[in-house]
Every structure is written in C-alpha cells, then in structure tokens.
Protein chains: 2
Amino acid sequence: MTERSTPRRPGRPRGAEQGDLRARILAAATAEFGERGYEAASMRAIARRAGVDPALVHHYFDDKQRLVAEVVEVPLRPDRLVRTALDGPIDELGARLVRAVLTAWDSPAVRPAAVAALRSAIGHGPVARMLREFLRGEIMHRIAVRLADGDLDEAAAADAELRAELAASQLVGVIMVRYVLEFEPLASLPVDELVARVGPAVQWHLTGRPPGA
Amino acid sequence: MTERSTPRRPGRPRGAEQGDLRARILAAATAEFGERGYEAASMRAIARRAGVDPALVHHYFDDKQRLVAEVVEVPLRPDRLVRTALDGPIDELGARLVRAVLTAWDSPAVRPAAVAALRSAIGHGPVARMLREFLRGEIMHRIAVRLADGDLDEAAAADAELRAELAASQLVGVIMVRYVLEFEPLASLPVDELVARVGPAVQWHLTGRPPGA
C-alpha cells in the first residue's frame with residue numbers, strides 16, 4: 001500500500017467509514033508486530049502505517065495489549081486477567097491464578113481462539129515472536145514485580161523472575177493437557193478441584209512455601 | 001503401491017537390500033499410525049502394508065514404541081526414560097522424572113527433533129493423534145500404574161491416572177517454557193537447580209504429600 005492510496009485522515013470518522021478504518025488499523029498492527037515484535041512496536045508507528053492519526057488508534061483499541069488480543073482474535077485479555085488475580089493476599093495467589101486462567105479458558109467463547117493462539121505462540125513466524133514478547137512483558141514480568149513487592153525475604157525476591165516463569169510453566173502445562181492434548185480425566189475435572197490440586201504447586205513456585213504450610 | 005510391486009519376502013534380507021526394506025517398513029508404519037492411530041496400529045498390519053514378514057518388522061524396530069520414535073525422527077525413547085525413572089523410591093519419583101526429562105531434552109542431539117515432535121503433537125493431523133495416544137499409553141498410564149502399586153492409601157491410588165496427568169502437566173510446562181518459548185532465566189538454569197525447584201511440585205502431584213514433608 002502506498003502513501004497515495006492511504007491518505008492521512010485526522011479527526012474522528014463517522015458512519016460506515018469506521019469499519020474500514022478499524023480494519024486498516026488492525027492490518028497495520030499485524031504488519032508492525034510481525035516486523036518489529038511486540039516490545040518494539042508502538043501505537044504511533046501503527047498509526048503511521050495505517051495512515052491515520054495516533055489518537056484514532058487509541059480510540060479504537062485503547063492500548064498495545066488490546067491490539068494483540070485483536071490481532072490473534074482471542075476474546076480474552078490475559079494481561080487484565082493476571083492483573084486482577086495479582087490483587088489479594090500473596091499466600092493465595094497460586095489458587096487465584098489457576099482459577100482465573102481455567103475459568104477464562106473453559107469459556108466456549110474463548111477456548112477455540114485461545115488454543116489457536118497457543119499453537120501460534122509455539123510455532124515459528126512473526127505471530128509467535130509477538131505473543132512470546134507479550135507473555136514475557138505483560139504476564140511473567142507483572143507476576144515477578146508483585147512477588148518482589150511482597151513480604152518475601154531477599155533471596156526470594158531476587159529470583160522473582162524465575163519464580164514467575166516456574167509458576168507460568170505449571171499453568172501452561174495444565175492448559176496443554178486440558179485444552180490441547182485433552183487427556184482425561186484432567187480435561188473434564190471441575191475448576192474447583194483443579195484449583196485445589198494445581199494451586200499448591202503454583203504457590204510453591206511463587207513463594208517457595210510448601211503447599212498448605 | 002500394489003501387491004505386485006511389493007511382493008512378500010520372508011526371511012532375513014542381505015546387503016544393500018536392507019536399507020530399502022527398512023525404509024519401506026517405516027513408510028508403512030507412518031501410514032498405519034496415520035490412519036489408525038497408535039493404539040489400534042499393530043506390528044502385523046504394518047508388516048502386511050510393507051509386504052514383509054512380521055518377524056522382519058520386529059527385527060528392525062523391536063516394538064511399536066521404537067517405531068514411533070523412528071517415525072517422528074526423535075533420537076529418544078520417552079517410554080524407556082520414564083520406565084527407568086519409575087524404578088526407585090516413590091518419594092523421590094518427582095525429582096527423578098524432572099532430571100530424566102531435562103537431561104534428555106538438554107542433549108543437542110535430541111532437542112531440535114524433540115521440539116519438532118512436540119509441535120506436531122500440539123497440531124492437527126495424523127501425527128498429532130499418534131503422539132497423543134503414545135503419550136497416554138506409554139507415559140501417563142505407566143506412571144499411574146506405578147502410583148497405584150505404591151504404598152499409597154486407597155483414595156490416592158484411585159485417582160492415580162489424574163495424578164499422573166497433573167505430574168505430566170508440570171513436566172510439559174517446563175519443557176514449553178525452557179525449550180519452546182525459551183524464556184530466561186529458566187531456559188539457562190542448570191538441571192540440578194531445576195530438579196530442586198520443579199521436583200517438589202511434581203512430587204506433590206504424584207503423592208499428594210507436600211514437598212519436603
């Protein structure tokens with residue numbers, strides 16, 4: 001697409017034009033994420049690529065995290081989900097994370113798209129890079145910051161990043177067995193029971209305290 | 001391939017003919033696993049498909065497990081690896097499993113092929129089905145049988161299958177974060193340290209006893 005075919009259109013659009021603009025911004029975001037990855041991509045660069053005012057990109061998509069969800073077509077905001085789970089006592093964080101993740105993925109509206117996104121993240125190519133950077137920056141790092149902020153001793157805080165990744169490894173593994181490999185009985189286990197079984201393992205990783213201690 | 005072009009050749013072949021026969025059996029195994037899955041496929045049916053005596057299939061490939069490893073071109077026998085780890089005190093089974101899996105995957109000879117096989121298992125298509133049935137039958141089920149055999153109380157033995165899957169979920173998750181997503185610092189952590197961190201979580205799933213208890 002040349003500059004000529006996508007002239008800048010500052011200001012708010014009206015009516016039928018909105019759908020076109022939204023689609024154009026989304027196409028620009030897909031290209032920008034694909035070429036530069038999640039971290040290096042900017043709302044401003046996406047606006048430039050789409051030939052629109054940056055304010056319009058914010059108007060339609062709020063922020064980069066929302067754009068990622070729209071690019072992979074997943075009706076789920078993992079960054080928000082984790083932010084909500086992080087709010088509360090740190091000793092129950094493992095259980096809250098397991099419940100939040102499973103409740104979201106169990107939803108029929110989310111599951112197929114989320115599984116497809118997971119397959120993309122595991123594969124090669126630009127979408128994989130974008131999703132991995134997103135997971136690192138918006139999920140792992142947020143958990144690590146919360147752990148380092150808590151009332152942990154210094155040694156525990158020092159390896160907060162590793163602890164966040166270990167906790168995530170348990171969550172990713174349950175997602176794999178339940179939603180991708182679909183092994184029974186795990187695939188059909190009620191969320192409450194999985195929270196009771198997996199929460200302590202996640203908690204062990206997060207704080208190094210034995211489950212139930 | 002018609003019956004005419006692949007006549008039965010009973011007895012042991014000699015010389016250059018061996019490579020051809022081996023390749024033909026492997027192609028037949030790939031087709032058989034693809035059409036019928038791992039469980040329903042038989043050495044006999046693979047031999048029939050290849051137009052050779054069943055004894056020849058056993059001669060070149062020992063058993064179905066070996067054929068799976070050859071079909072996905074992974075120089076690793078996960079079924080043997082798990083069987084070895086199962087041998088020993090049940091209270092250290094978590095640590096033994098983590099060490100066995102990571103030591104195998106860390107090997108430069110294994111890792112790329114193993115990652116490729118994992119991607120196939122997660123995808124769609126006949127290889128995915130074969131690998132999932134293989135994992136269920138040769139890994140999960142073997143662990144479950146060992147758990148049910150151990151000195152666990154009745155309730156713990158009853159859900160041995162679920163415990164095996166939960167333990168596997170933690171192992172799969174670490175494989176994902178270390179070898180596929182390659183998140184640091186986890187991706188570069190020495191095996192000993194990961195055994196100390198992840199072993200207790202796996203142990204928790206296997207026996208329901210808190211790590212270190």
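A residue is called buried if 20 or more other C-beta atoms lie within 10 Å of its own, exposed if 12 or fewer do, and partly exposed in between, with C-beta atoms placed from the backbone. This is a predicted model, in which local features need pLDDT of at least 70 and side-chain atom pairs count only at pLDDT 80 or more, while totals for chains, interfaces and linings use all residues. Residues are numbered from 1 along each chain as its sequence is written, and chains are lettered from A and ligands numbered from 1 in the order in which they are written.

**Overall architecture**

- Chain A contains 11 helices and 0 strands; helices (H or I, at least four residues) and strands (E, at least two) are DSSP runs, numbered from the N terminus.
- Of the 213 residues of chain A, 40% count as buried.
- Among the contacts in chain A with a separation of 6 or more, 63% come from residues 24 or more positions apart; two residues are in contact if their C-beta atoms, placed from the backbone, lie within 7 Å.

- In α3(A), the buried residues are Leu56(A), Val57(A) and Phe61(A). They lie on the same side of α3(A) because they cover an arc of only 105 degrees around the axis, the arc being that of the directions from the helix axis to the C-beta atoms.
- Asp62(A) follows α3(A) and has a positive phi, near 60 degrees.
- Helix α4 (residues 64–71) of chain A has Lys64(A), Leu67(A), Val68(A) and Val71(A) as its buried residues. These residues also span an arc of only 105 degrees around the axis, so they are on the same side of α4(A).
- Glu73(A), which follows α4(A), has a positive phi, near 60 degrees.

**Packing of α2(A) against α3(A)**

- The axes of helix α2 (residues 43–50) and helix α3 (residues 54–61) of chain A come within 8 Å and cross at roughly 105 degrees. Axes are lines fitted to C-alpha atoms, for helices over the stretch in contact, and angles run from 0 to 180 degrees between N-to-C directions.
- Met43(A), Arg44(A), Ile46(A) and Ala47(A) of α2(A) meet Pro54(A), Leu56(A), Val57(A) and His58(A) of α3(A).

**A loop residue**

- Asp91(A) is located in the loop between α5 (78–86) and α6 (93–106) of chain A. Asp91(A) counts as partly exposed because it has 14 C-beta neighbours inside 10 Å.

**The two chains**

- In chain A, 33 residues are in contact with 33 residues of chain B. α10(A) gives the most to the side of chain A that touches chain B, with 13 residues.
- A rotation of 180 degrees with 0.0 Å of shift along its axis superposes chain A on chain B (RMSD 0.0 Å); copies are superposed by least squares on the C-alpha atoms of residues with pLDDT of at least 70 in both. The two copies are thus related as by a two-fold rotation axis.
- Gly173(A) has the C-alpha nearest the axis in chain A, 1.9 Å from it.
- The same surface serves both copies, as 100% of the contact residues of chain A recur in chain B.
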